[in-house]
Amino acid sequence: MSSFLAALLALLVPILAILIVRVRTRQRLPFPHTYLRSLRERPFQEFLLRTFQLYADVAFDLLLAILLALVLSGVLDLSPRRTAVCLDGSWSMARGAPDSPLERGLAKLARGELGAERYRLFVLGFDPRRGGPTLIDMGRGGKDDLPRLRARVRKSVPRFFSADPRALGRLFRRGYRRVLFLTDRPPQSAPSLEVVDLGETREPFFYPYSAGFDTREQAFRVRFWRYRFDLPVGIMKYSEEEGSFRKLSIEQQGVPGSPLSELLLREPGLYRFYAEVGPLDLDFLIPLVPPALEVSPRGPYSELLAGLLPEARRSPRGILLADVPWRSADRRFPRGSARGLHGMLTVVPDPGVQPALRPYLQPLVEAFCLPCYTEVPAELLRVGGPHDRVFYFDPRGVRDERTALVYLSALSGLAAGGPDGPAGQLPRGARYSPGRSSSSAYAYTTSSGIEVLNLPPEEFFPFPIDEDLTLPPPASAPLPIALLLLLPYALKALVLDRLHRRGR
Amino acid sequence: MIAVDRECAAVSRLFAKKSVRFKVPVRLKSENPIFRRKGSSFNLKSLREYQPFDDLRKIDWKLYGRTDRFYIKEFFEEENERFFLLVDASASLSVFDLDFYRRFIASLACIFLDLRFSLDLAACTHRLEESCLNLRHRRDLPRILAFLERLPFAGGTDLVPVLKEVRDRYRPTTLFLFSDLFDQRLELRHLRMFRRVFLLHFHTPFAGLPLRFTQVELRDPESRRSLLLSHNPSSRRRILEAEREFLARFSAGRGGCHYLRLERGAPRAPSYWRILETLYE
């Protein structure tokens, strides 16, 4: 109440000033009253009209000031008390079916254990076109049973690599007063949110982190990301003569400082990586082929970089180079400085780079960086064309892992008929399942064979879990306030219009 | 310092040329036969025998031929028509442009003198205040200017008793009334006591007032009363209606009453010309 009075007093100051000026100032003119007697004869009407004219504006302004004070002080809360439930749509939520965190969250929703009867369901995911997090509206919730809810979520939600909970602030800006966030990685402190911890998956897990040809070692280097998986990864190679996979025994080495293991494979071919022990249904197929057919540029900048890779031949179906729309938060990113090249970036795979250009081009698995805009090295001037500057990845500028996420998302989007396509189109031995299942093969098919889709080592955005997630306060919905303020203004305009019309 | 419009000389010269074919309004100088003086008109005053002090050129030689005696014919004196200029000098005239007002009266008087009309000039408020009579020549113009300069423009307006007094005291046949007509009692019937009246209305339109505020206090310069108006379209409409009714009271003059409205800043020379043309109709 005190805040209301304070706001009202503050708003009354200019209104009173206007009133004083209007009452105290009058124009004095000499003019005979010979034919003004008729006005003298109706002093009461004149008084009423004059009083109304004097105080009408002030009355309207006073009404508006009271409304504004009510809204500003929060006494009059016009925002709808809506509830939003948001599911974390990252890969980790779907890991470990049938007891994945996603399944647990859906079950809670179906049973109504969240204390919200009517709510709107969102999924926090990743938009590959914008290169940032997005909120997918799943419609009204609270009326579906578990199978129907599961079907809705699985049908509508694309595969995400990560989720940034800071995007939940958009829900508050839309007018939601209560936001429930269902996740397997709850932020340490999020006072604005109601976080429901679904718990991490308990299933051991591994998946290929990178697979590429190392020109120095003249061998394929395959890395695996491990989660609670301490056993060696089983390796099988497809034999054309036998028509089946043959088990291999190759030494696996751990990468210091990371949950990665690495192995080197000298021979190309179709390899199968699986869990040797346990009930895990993990089975990855990776075709390891020399990097001759890996470059197929899409877009002007990829065309430019494709020229830098002389040993790479163009493949009609390859998608290793592609321009991806990119909106950088870094103001140093020079948008529009080179015609046709702005807002684009390209991730260059490791095996296809000449040794001389290697210092200037960042490999895919390490390219979690911003594209840097610097002077062109002498080696690149030849392909620069009319531009004296080009974009390329500076290894010293590693700071943003979303670069690879964008690229991989684009690849998955381009791979129509890939992992979600009909199984009959897959060649023999190619096994895959959607990423949300526990058995994930990150490969998809093209006419030339199976392409590997490498995942980033972590699903995380730069947002650290232990950061205090402070979201903007719930905003009042602007439309009801605008309508409320519009009403007195419309009334005032109507009265003035009628006065003017009578005066004509 | 009041000045006469520069166009006055041209107007009077051109009008004198233009109007030679019209009949100049003349009259005997005195209507009372006792005070009629001899002059050069065609009205015979007397016939008497020649005296030694008489001019030989005035001897009627035809009578000498018939009677063989010298006789002298004497005629009455004639003059152009005498106009009476009644100038409203009330306080309400201060609303109008006083320089315009004085200049117009002085210029018109100058034109009349150039055209050899005789003038009587009087100022009035609610009574006859001051007069300046027997103006016959251009050399009388400084008297007119001094008279107009002395006008105080104070007091109220009551033209009805003033017109009666003018009629009774001066008996003018043609009256020029210079006024803003802010008089509650004056009506057209009060002007019928004169054979010919030129009603020169110096009007300040209400729409021309520079109204800027919501509240306007109109102060009557004569009664010194104030009227508080709210400047809105409704009150403005009512005032303009009242003003139209007020103007319609005088503009409908017929017969010998000629109405001419003048507003601040309007060109004066066309008004002079129009008055002269009306005068010679």
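Strand 8 (residues 219–227) of chain A is mostly covered, with eight of its nine residues buried. Buried means under 20% relative accessible area, exposed over 50%, and partly exposed in between, with a 1.4 Å probe and protein chains only. Helices (H or I, at least four residues) and strands (E, at least two) are DSSP runs, numbered from the N terminus.

This is a predicted model: local features need pLDDT of at least 70, side-chain atom pairs count only at pLDDT 80 or more, and totals for chains, interfaces and linings use all residues. Residues are numbered from 1 along each chain as its sequence is written, chains are lettered from A and ligands numbered from 1 in the order in which they are written, and side-chain values use heavy atoms, with hydrogens and water left out.

Strand 8 of chain A runs antiparallel to strand 12 (residues 260–265) of chain A, and six bridges join them. Two strands pair if DSSP finds at least two bridges between them. Phe220(A) stands opposite Leu265(A) of strand 12 of chain A.

Confidence in chain A is given by pLDDT, the predictor's confidence in each residue, from 0 to 100. The chain A average is 64, and 51% of the residues score at least 70. The mean is highest in strand 6 (residues 194–197) of chain A, at 89, and lowest in strand 17 (residues 369–373) of chain A, at 29. Over residues 309–464 of chain A, pLDDT stays under 50. Where pLDDT is low, the predicted coordinates should not be read in detail.

In chain B, seven of the seven residues of strand 6 (residues 118–124) are buried, so this strand is largely enclosed by the rest of the structure. Ser118(B), Asp120(B), Ala122(B) and Cys124(B) point one way from strand 6 of chain B, and Leu119(B), Leu121(B) and Ala123(B) the other way. Strand 5 (residues 82–88) of chain B runs parallel to strand 6 of chain B, joined by seven bridges. Asp88(B) has Cys124(B) as its bridge partner in strand 6 of chain B.

Over all chains, the structure holds 24 salt bridges. A salt bridge is a side-chain nitrogen of Lys or Arg within 4 Å of a carboxyl oxygen of Asp or Glu.

| Salt bridge | N to O distance |
|---|---|
| Arg48(B) and Asp54(B) | 2.6 Å |
| Glu130(B) and Arg150(B) | 2.6 Å |
| Asp168(B) and Arg167(B) | 3.1 Å |

Arg48(B) is partly exposed at 21% relative accessibility, whereas Asp54(B) is buried at 11%.

How values were computed: Contact = heavy atoms within 4.5 Å.
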